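Visitor: Hi, could you walk me through this one? I'm new to it.
Guide: Happy to, let's have a look together.

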Amino acid sequence: GWLSWATHADQVSSVLASDPLLSRYASEPNPAAGQADGLISVRYPTAADRDPRPVAEALARHLRSKLPAIELSGIWGTGATYLECYRDQLKARRSAPQLTSLPPRNDFPPLASCEECRAASATDTIDIHEKAGLQVCLDCRARYVGRYRRPGLADGIPVYREETRLLTALDRDPARTAQDMDQLAALGSADSNRNHVATVYADGNAVGAFLDRVADHDDPDLKERISKAISDATRGALLAATRAVLGGSPGDLVPVIPHIVGGDDLVATVVADRAWPFVLSYLSEFAERMCSIEGVPPGLLDPVPPTASAGVVFAHLSFPFRRAVELAAGQMRAAKQQYLGAEPAVSWLDVTREGEHPAAGRGAWTLADLSALTGALTALR
């Protein structure tokens, strides 16, 4: 939620307006890039004496002030349209960014680990909800001091942005979201232990090639709005997938917590026994929405239409979230690699039963496999 807030166009616009250098550059949010959590895209008129590095550094300082432990990279280029600039310059620079900003190193052995994220060294002691005296790192301190996840305690800072967006679209009370992994896991079926969650990491297949074909096309309107349309497809698929796993009562807590949404990426936590219908619905909806973006000539969807693949990690609610995301990303990459991004696929791991390495010989499932296995997976839960 904090990353979503810090990178949202509204917050970025405020930073651009208040920073003298960014104002002097006439910087503005780039509408053609769409809205994706964790991504800031700005544009300004090309001028020979305007080095883009100070713009990137100013935006990095903004993010560092909100999330001290974040790893940042920045790339830039020029072009007639954003899509052409991305195709001709930005895509190649993603692997070797012009700007890299890393948090301070935490490698002094006697330091205690953060009790909240378990990923960095503790630097302070704070209270988080009912837990008193937790030793936390700089990043977790910035997340929690005066900025609790609970609605109404954020001093007007909408750290619930993605949840609020999702619940509003579902016509549900934005306060009816699980506050933590304990509450989320407790939504499991009565015949389960109600102590497991699933981390889902989804990413697009063949989206880059699709964008290249759009960039080569002669429709300037399509080039301008295609990135936003892809972000809309991701959010629409998330909405459909969440509807597929909702409880029957409007008062029930929503069994999904979205963490990163936008572009063709999704990271979400789902009640463990509803993960498979969630993933099945998400992959199906994303593929359908990508193939029905308004104004896309059928030829641009060939030879491989854009779809998505996913990695799913089942784990006890106490398993470190950061590690669950890393493992889910690895499973997603394995699924994409096995099918070369040619069709939707999903690979999974059960940390409780298997540890951090999947069973030998188990391959990814295609979307067709997952559909055929629906009955068995429902019984398996």
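This is a predicted model: local features need pLDDT of at least 70, side-chain atom pairs count only at pLDDT 80 or more; totals for chains, interfaces and linings use all residues.

Visitor: At what angle do helix 10 and helix 11 pack?
Guide: Helix 10 (residues 220-244) and helix 11 (residues 275-290) pack at about 145 degrees, their axes 8 Å apart. Axes are lines fitted to C-alpha atoms over the stretch in contact, with angles from 0 to 180 degrees between N-to-C directions. Helices are DSSP runs (H or I, at least four residues) numbered from the N terminus.

Visitor: Which residues meet there?
Guide: Among them are Ile-230 and Leu-238 in helix 10, and Phe-278 and Tyr-282 in helix 11; contact means heavy atoms within 4.5 Å. The residues of this contact divide into 11 nonpolar, four polar and two charged.

Visitor: New topic: how many salt bridges are found?
Guide: The whole structure has 18 salt bridges, each a side-chain nitrogen of Lys or Arg within 4 Å of a carboxyl oxygen of Asp or Glu.

Visitor: Which residue does Asp-350 pair with?
Guide: Asp-350 bridges to Arg-353, with the closest N and O atoms 3.9 Å apart.

Visitor: Is Asp-350 buried or exposed?
Guide: Asp-350 is buried at 15% relative accessibility, while Arg-353 is exposed at 74%. Buried means under 20% relative accessible area, exposed over 50%, and partly exposed in between (1.4 Å probe, protein chains only).

Notes: Residues are numbered from 1 along each chain as its sequence is written. Side-chain values use heavy atoms; hydrogens and water are left out. Helices (H or I, at least four residues) and strands (E, at least two) are DSSP runs, numbered from the N terminus. Ala, Val, Leu, Ile, Met, Phe, Trp, Tyr, Cys and Pro count as nonpolar, Asp, Glu, Lys and Arg as charged, and the others, Gly among them, as polar.
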